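Visitor: Please take me through one part of this model in close detail. I would like to look at the salt bridges, and then at what surrounds them.

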Amino acid sequence: MADFDVEFIEKDDRTARFVVRGLTPAFANGIRRAMVADVPTMSIDTVNVIENSSVMFDEVIGLRLGLIPLTTPIDEFGPDDTVSLSLDVEGPEERGETVTAYSGDIQSSDDLVVPADENVPIIDLKRGQRLSFEAEAVLGRGRDHAKHQGGVSVGYRHLQTVEVGDEIGEYDDREPNIVRGVIEEDGELVPAEEFGHDLTNRYPDSEVTVEDVQGAFVFSVETDGSFSVDDLVTSAVRSIAARAEDLETAVQL
């Protein structure tokens with residue numbers, strides 16, 4: 001696979017924005033699709049309800065549980081692996097009060113697979129109500145079901161460059177010149193939010209021309225906490241490489 005130039009603009013554990021140079025539009029979209037559909041995550045698949053005396057149907061509880069992100073170490077689990085989880089929460093002793101069952105109340109048989117966030121609400125329980133269940137989490141991909149989509153927000157756009165032209169006349173009217181994403185100025189990457197997305201704020205006295213930088217794309221990526229941004233991006237690229245090798249082998253047969 002060819003080498004590409006990657007430059008991060010901002011990054012933390014769950015979100016990142018970076019520029020990749022040397023891509024075709026088709027390959028950029030392939031990376032986006034791989035991040036959404038190809039990187040596997042663990043998610044609750046079956047639920048055995050022991051007791052549910054809340055006001056919510058078992059099926060609705062099951063839907064909520066399936067949408068709780070679970071931490072998924074990359075390459076630690078296979079398609080046939082399962083992890084058992086359980087929860088047992090009772091309502092308050094006093095009438096008029098409530099107890100909320102949160103994702104953090106779920107117990108896991110494997111410390112590697114736990115709720116990515118502890119404060120996802122499942123159900124409010126009143127006096128005399130109880131929610132108790134056992135569940136199994138399985139490995140799956142976003143192309144099979146949305147609950148396995150670890151890349152919850154993945155997008156890209158062309159990197160843009162700005163060419164500064166002549167000064168505008170003193171009495172000329174200025175129309176807003178709105179841009180999104182990131183611009184490149186003398187080799188420096190500048191997020192558009194730094195100037196309110198309006199180039200007239202950055203270049204108040206000059207005419208400007210905005211053009212796409214060919215082969216350069218700005219990716220904005222966010223995960224649901226199943227894994228880090230680094231794991232999401234590298235796993236997506238590896239999946240593309242693996243499919244390319246499979247195709248090469250098939251063509252040579």
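Guide: A search of the whole structure finds 13 salt bridges. A salt bridge here is a side-chain nitrogen of Lys or Arg within 4 Å of a carboxyl oxygen of Asp or Glu. Side chains of opposite charge can pair when their charged atoms come close. This is a predicted model, where local features need pLDDT of at least 70 and side-chain atom pairs count only at pLDDT 80 or more, while totals for chains, interfaces and linings use all residues. Residues are numbered from 1 along each chain as its sequence is written, and side-chain values use heavy atoms, with hydrogens and water left out.

Start with E193 and R17. Their side chains meet in a salt bridge, at 2.4 Å from N to O. This pair links distant parts of the chain, 176 residues apart: E193 sits in the loop between strand 11 and helix 3, and R17 in strand 2. Helices (H or I, at least four residues) and strands (E, at least two) are DSSP runs, numbered from the N terminus. E193 has 40% relative accessibility, so it counts as partly exposed. R17 has 9%, so R17 counts as buried. The cut-offs are these: buried means under 20% relative accessible area, exposed over 50%, and partly exposed in between, with a 1.4 Å probe and protein chains only.

Next come E184 and R21. They form a salt bridge whose closest N and O atoms are 2.8 Å apart. E184 lies in strand 10 (residues 182-185) and R21 in strand 2, so the pair ties together parts that are 163 residues apart in sequence. E184 is buried, because its relative accessibility is 16%. R21 is partly exposed, because its value is 22%.

Now take D38 and R143. Here the salt bridge has an N to O distance of 2.5 Å. D38 lies in the loop between helix 1 (25-37) and strand 3 (41-52), and R143 in the loop between strand 8 (130-140) and strand 9 (151-167), so the pair ties together parts that are 105 residues apart in sequence. D38 counts as buried at 6% relative accessibility. R143 counts as exposed at 53%. Back to R21 and E184 for a moment: salt bridges that share partners join them with D5 into one network.

Some charges form a patch instead. D12, D13, E222 and D231 gather in a patch of negative charge on the surface. Patch residues have over 30% relative accessible area and no salt bridge, and like charges are joined within 9 Å. Asp and Glu count as negative. The place of a charge is taken as CG of Asp or CD of Glu. Areas come from the Shrake-Rupley method with a 1.4 Å probe. D13 lies in the loop between strand 1 (5-11) and strand 2 (15-21). D13 is exposed, at 54% relative accessibility.

D75 is not a glycine, yet its phi is positive, about 70°. D75 lies in the loop between helix 2 and strand 4 (82-90), and at 65% relative accessibility it counts as exposed. H197 is not a glycine either, and its phi is positive, about 65°. H197 is in the loop between strand 11 (188-191) and helix 3 (199-202).

How values were computed:
Patch = residues over 30% accessible without salt bridge, like charges linked within 9 Å, V, L, I, M, F, W, Y side chains within 5 Å.
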